[in-house]
Amino acid sequence: MLFLIVGKVNAQNEKSKNKLPNIVFIYADDLGYGDLGVYGATEIKTPNMDKLANSGIRFTNGYATSATCTPSRYGLLTGVYPWREKDAKILPGTAPLLIKTNQMTIPKMLKEKGYQTGIVGKWHLGLGEGNLDWNKEISPSPNQVGFDYSHIMAATQDRVPTVYIENGFVVGLDPKDPIEVNYDKNFEGIPTAITNPELVKMKWHHGHNNSVVNGIPRIGFMKGGKSAIWSDVDMSDHFLTKAQDYVIKHKNEPFFLYYAIQQPHVPRTPNPRFEGKSGMGPRGDVILEADWTIGEFIKTLEKEGLLENTLIVLSSDNGPVLNDGYYDDAVTKLGKHKPAGPLRGGKYSLFDAGTRVPFVVSWPGKIKPAVSDALVCQIDLLSSLASLVGSNVTTPDSENLMPVFTGKTSIGRKELVLEASSKTAFRQGDWAMIPPYKGVPVYGDVNIEVGNNKEYQLYNLKEDIGQKQNLAKSNPEKLKEMMACFEKIRGKSSTNIQELKLE
């Protein structure tokens, strides 16, 4: 009898070893390199994200593809540089689906290998084919590009429509009160922040003065759908519950969950439980809220016996921004906190803080805790995960870095093209190069250096992580080498390499 029991246990252990891992992306919105304790933050506490980072590989050179949200999300899911897709820019809530329905995506690849696939949270990759009717089934949607289940907001928290969409249908919609959405003109009789400022509870700074929903002025105009309107202060709890429900429902089969949290994007609307807790205003409060939320989600994985066999990627779509359209004390109450850490720039920027973000890969049953300086990017997740699950899917832009993500090697990719506002820069080894671009050097509304300069910029990030010393003129040979490599990937028309004169 003892031999039978031991044999049964060994068989179960062997089965567990051979089981495909669950895969979870926890994708934050505008979370900066310096916003986590493990990346140097001292003025704000992120114990749950820190614990996750300390349980796996924390990358110091981990990048999103882009310095804004839509392009980064496109690159993450498709493994394709977003600058190859002309429409991969910050989209309005009415934009058609950016990812082609016949295009390979991470969830499609994983479905082919027997995974259940789900998305909970922010989408912002377009819906439908244009002229969308929000009162009928919305298609194509995430469900047509690889997700079995989707519970999303269409774009961002500051854009209409301010409703949740589950598997292509607006949640809680009353057919007698249909939704209409327009980004060009308002509907007759619908108040805005301009016409009815008395309705505004959160003061707008720039760009957010259209329809007022829950006292918050948004981008775009919306009419109807009152029964479907979300509660901003409950959004984090709402998405957490949906994410928890998803993993519990699918705990007996391999699953992929893209958990795209909305924090700390504007409008920052912490639940009253977190209001005022950070001392930094709403931005700090929602980071605390996000950290708690992630902790609760991890507890669910642990409670259900899933954590040991779940590969978790924690990252952000781009770098940080303080004032991004509302007066919410993010600037005045910042104190000594540095959202970008030692990096220069932020969201919207070609400087490193635009795209170098927190990047953690945890898999308690397989990955030993470590810190890695390897150069990695979110576009590499498609090819890497494909190799993990036995798929031959890849793209020319996505590299198989599974040995790096699991800590078996510290040698990452050699080079990387990074994008901000349809302009591109180049990272190779320890070096970063930004070609000359027209435009203002600082975006005034958000007060961020964006990297535009009439001269070439060349930085050694190992010696100068803050990109303070431009070496383009003092090291022309390195600049020429960087430009040549950049041109091979990006194309000659995108650079001014022909204007480069070595002195």
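Thirteen residues, or in figures 13, line the largest cavity, and nearest its centre lie Leu 350, Asp 352, Leu 418, Ala 425 and Ala 432. A cavity here is a set of points, on a 1 Å grid over the protein atoms alone, where a 1.4 Å probe fits but cannot get out; lining residues have an atom within 4 Å of a point. The elements giving two or more residues to this lining are β16 (423-428) and β17 (431-434). Strands are DSSP runs of E with at least two residues, helices are runs of H or I with at least four, and both are numbered from the N terminus.

Before going further, the provenance. This is a predicted model, in which local features need pLDDT of at least 70 and side-chain atom pairs count only at pLDDT 80 or more, while totals for chains, interfaces and linings use all residues. Residues are numbered from 1 along each chain as its sequence is written, and side-chain values use heavy atoms, with hydrogens and water left out.

By class, the lining of the largest cavity comprises ten nonpolar, one polar and two charged residues. In this scheme Ala, Val, Leu, Ile, Met, Phe, Trp, Tyr, Cys and Pro are nonpolar, Asp, Glu, Lys and Arg are charged, and the others, Gly among them, are polar. The space in the largest cavity is about 60 Å³, and the whole structure has five cavities of 30 Å³ or more. Each volume is the space filled by probe spheres set on the grid points, which are joined across faces, edges and corners.

I turn to the nonpolar cores. A nonpolar core is a set of buried Ala, Val, Leu, Ile, Met, Phe, Trp, Tyr and Cys residues joined through side-chain atoms within 4.5 Å. Buried means under 20% relative accessible area, exposed over 50%, and partly exposed in between, with a 1.4 Å probe and protein chains only. The largest core has 106 residues, of which Phe 25, Trp 123, Tyr 258, Tyr 259 and Phe 297 touch the most other members. Helix α6 (residues 282-303) gives the most to this core, namely seven residues. A second, separate core of 30 residues includes Leu 418, Trp 431, Tyr 437 and Ala 472.

What is Tyr 259 in contact with, leaving aside its neighbours within four places in sequence? Among its partners are Phe 25, Tyr 27, Phe 239 and Phe 297, where contact means heavy atoms within 4.5 Å.

Next, the aromatic rings. The structure holds 19 aromatic pairs. Rings of Phe, Tyr and Trp (its six-membered ring) pair if their centres lie within 6.5 Å; planes under 30 degrees apart are stacked, over 60 edge-to-face, and the rest tilted. The Phe 59 and Phe 359 rings have centres 5.7 Å apart and planes at 80°, so this pair is edge-to-face. Phe 59 belongs to strand β2 (residues 57-63) and Phe 359 to strand β13 (residues 359-362), so the pair ties together parts 300 residues apart in sequence. Phe 59 also forms an edge-to-face pair with Phe 405, at 5.7 Å centre to centre and 85° between the planes.

Finally, the backbone. The peptide bond from Val 160 to Pro 161 is cis, with omega near 5°, and another cis bond joins Val 266 and Pro 267, with omega about -10°. Ser 422, although not a glycine, has a positive phi of about 70°.

Key
On a 1 Å grid over the protein atoms alone, a cavity is a set of points where a 1.4 Å probe fits but cannot get out, and a pocket is an open set with protein on both sides within 12 Å along at least five of seven lines; lining residues have an atom within 4 Å of a point.
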